[in-house]
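Biologist: Could you walk me through this structure, feature by feature? I would like to learn how to read each one.

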Amino acid sequence: MNDTSNTTLTNAKMSAMNPYSINCQRKLPWRTFEQTIDQGSLPHGAGFQEAPTLDEINARDTERQALIAARQPAVKVHDELMLSQIANTSDEALKSAYKKAYEGQRLSGEDGQKLLDRGDLNLLGWLATRAKRRFHPENKVSFLLDRNINYTNICRIGCDFCAFYRRGHEQDSYVLPKEEIFKKIEETIELGGTGTLMQGGVNPHLKIEYYEDLFRNIKERYKIHLHCLSVIEIEGIAQVSRLTLEETLERLKAAGLDSIPGAGAEILSDEIRLEQSPVKRHSHRWIKVMQAAHKANLPTTATMMFGALEERKHIIEHILRIRDAQDETKGFYAFILWTFQGEHTELLKKNPDLQPTTGAEYLRVLAVSRLMMDNIPNIQGSWVTMGPKIGQISLHYGANDMGSIMIEENVVSAAGTSYTLDRKNMIELIRRSGFTPVQRDTYYNILAEHPESSDASAEGA
Amino acid sequence: MESVTCASSHLPPRPELISGERPHSPVKVDYHAVQAALTKALKGERLSFADGVNLFHSPDLVELGAVANEVNQRKNGSDVFFNVNRHINPTNICALSCKFCAFSRKPGDEGAYAYSDDEIAQRARTAAESGATEVHMVGGLHPRWKLANYTNIIRIVKETAPHLHVKAFTAVELDWLARKERKTVAEVLTELREAGLGSLPGGGAEIFTPYVREKICDTKLTGDGWLNIHRTAHQMGLRSNCTMLYGHIEDLEARVDHMLRLRSLQDETSGFNVFIPLAFQPENNELGITKHTYGVDDLKTIAVGRLLLDNFRHIKSYWVMTGDRVAQTALHYGANDLDGTVVEEKIANMAGSRAGMAMAKSKILRVIRDAGRIPVERSTVYEPIRRFDNPAEDLL
């Protein structure tokens, strides 16, 4: 369904699995900042006749293009205002970062840092929305319906920011019996869910045979996407089963694993990881496992958890490392930002002054991530950690996806945040933010273009 | 006071309002009209009723925000106001039964209370000790309280801490007192001012538009009545605030109509300090509404307010109603005030606000700075007290 003529072998391979990955290679040409400026004086110049880029961005979507031609004036007040703000920026480095972002050029770490430190939130929202439209010219926002199954809470790692893990001797340590997992999957399918995200702890008693058996059993019984196991769990399985990473991944894939969640990335900076979790400290290992997965044809997501001790330079370092890895193996199909949830965690006990991430900071990091991640098509807004209000607003700061309506989320709720949304509310939330809601599967294939109306309009109101 | 028919030429025919959640009906957005309205706003021209409604319908949130932000920055630069204040709700016993209210109780109900003199004095004392410059007092319409009770409350606060500015009693309470005492509102205000009243809060405005007001609070003071009382106060030299309760059964036309009524009174008197949109809190009400307002809607309301109310210097993003994250984001959508430390907020919290009752000054400073703005502590009537432009000197 995609034009694969000018893509590499790896891309072709990836596109077979994930139609969105190919979009990374098919970005539309953008006008340069100077070209735009040259067409008329700013601000509010008379010669500024052509729409700067909006039509080009939307060229693929003919239906929308017709709509825009009919209803949208060529010169948007917004564009003029923002362009003149860029032109009037006195900080040269910041101005150059704005220009590069406007033109769709690749941003360097210094650019990203500058945008995070000094960037104006209104401008970042405008730039990030334009960057989002490159990947997603349709006015759609997707969501997933799946279930988190935390098959065990026994973990030998013990990260400071985690409130979920148990050591194995506590009363409430558990490994879920298979029947219970099946029951949860059945419930998921009944509710219209399409996938399951299985994660637990690094349980030293569970070897690869347990997982192979479990995945095979699930796949024999149900048509469901298995998006399972974090990096640290995969390493743990390889270790206790005395297998290489490649063997482990191959066997898990053969048993039915479809993709791997990018959890556990936290902040990929050894300085910070050491403080947060002594065992997860080697950030290059996270990248290594993810790249091995990509090479084994297992696509993955990538995450970032911020708001826990790191500085902005670490956020930039994290984004760059994932972007570089993506250039090599092209297996990340989504980037997901979380903020640290403090309650009941060791990290908060050790750092009682740590404050929750504010709304503006979250939106700024989100927008800069969208601008820097020019090779990952999807970015999720996190209503789970930031609440539905900021979750909805994030759609205007670069996010094109609302993530999952999680039927079960033990890990975040253990740390004291429990926002819940059902499908109806999710659809309403997206619609009221000005987008068309669509339900997707774990690979971002659109399943329902127009999920049934959740409001009373069908009833004649 | 019978319901007054408001002469408003711009209002469309009265729509049928239904109780419960408003359905989302897709509107054909007139992009040209939106662009025209934004252009007018940037040129400093006055927006019309239709402009306001069109702006609400525009799906481009960041565009609306950028223009409102530009308009705000031209008026106020990068300064964002807050104050150190304390709320005191002297009683929750109320003769009215507004359908949206979760705070009011009837005498004898479980949880009904009325503070004694000591309880009020003690609250004023802690406020003064914590560095507050203002007490904000509003409460229910206590059937047995007379004007003397109200002057007494103000006197207690003033005797306990003479420097505290008393911003107290909504137009609804003043109207109730005037009728009870068979006095004019001006007479009531004169007595209260002698006791130490400094200015009026903006509560009780809800939505002025009659077809909405009669559905949500038919026993309350009318919209015109509310505006008349504030007109009287302004004419006496008392400044006041004004609010709008949104996110219940009102339509967007009613919101715009409400704002325009405020704008025309402001043209007349210039007595309003600030406009404060209040997001509806959905717990324990009789309107059948169970949802919090949407984040996008909160920001749009601030932005449209900023653009329509060209004769207001300040727009407040009240964190108690929307939570500190949205309130902070609103500083980029035209708001230049975050309200204050509050300390003991009861009315919104009983209605399901998730924002909590108090925000420490240190957190207010952090929230404003995190948004890239400069925190400025203000007095109740918006005189700057201290500009916190150097974080290292916060504690000096």
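Modeller: We take the sheet, a helix pair, the domains and the chain contact in turn. This is a predicted model, where local features need pLDDT of at least 70, side-chain atom pairs count only at pLDDT 80 or more, and totals for chains, interfaces and linings use all residues. Residues are numbered from 1 along each chain as its sequence is written, with chains lettered from A and ligands numbered from 1 in the order in which they are written.

Biologist: Which order do the strands of the open sheet in chain B have?

Modeller: Strands of a sheet pair through backbone hydrogen bonds, either parallel or antiparallel. Here 3 strands of chain B follow the order S6-S7-S8, with parallel pairing. Strands (E, at least two residues) and helices (H or I, at least four) are DSSP runs, numbered from the N terminus. Pairing requires at least two DSSP bridges between two strands.

Biologist: Why is one side of S6(B) left without a neighbour in the sheet?

Modeller: S6 (240-246) and S8 (314-315) of chain B are at the edges, each with a single partner strand, so one side of each has no neighbour in the sheet. S6(B) is joined to S7(B) (residues 272-279) by 6 bridges. B:Cys242 has B:Phe275 in S7(B) as its bridge partner.

Biologist: How do I read two packed helices?

Modeller: Two packed helices are described by the angle between their axes and the distance between the axes. Axes are lines fitted to C-alpha atoms, for helices over the stretch in contact, and angles run from 0 to 180 degrees between N-to-C directions. In chain A, the axes of H12 (residues 245-255) and H14 (residues 283-295) come within 10 Å and cross at roughly 50°. That makes H12(A) oblique to H14(A) (under 35 degrees is roughly parallel, over 145 roughly antiparallel, 65 to 115 roughly perpendicular, the rest oblique).

Biologist: Which residues of H12(A) and H14(A) make the contact?

Modeller: H12(A) brings A:Leu245, A:Glu246 and A:Leu249, while H14(A) brings A:Val289, A:Ala292 and A:Ala293. Contact means C-beta atoms, placed from the backbone, within 7 Å.

Biologist: How many residues of each domain of chain A take part in their contact?

Modeller: An automatic or database domain assignment sets the bounds. For chain A it gives domain 1 (31-135) and domain 2 (140-456). Domain 1 of chain A puts in 19 residues and domain 2 of chain A 21 residues. On the domain 1 side, H8(A) gives the largest share, 9 residues.

Biologist: And between the chains?

Modeller: Chain A and chain B contribute 36 residues each. On the side of chain A that touches chain B, H18(A) gives the most, 6 residues.

Terms used. Two residues are in contact if their C-beta atoms, placed from the backbone, lie within 7 Å.
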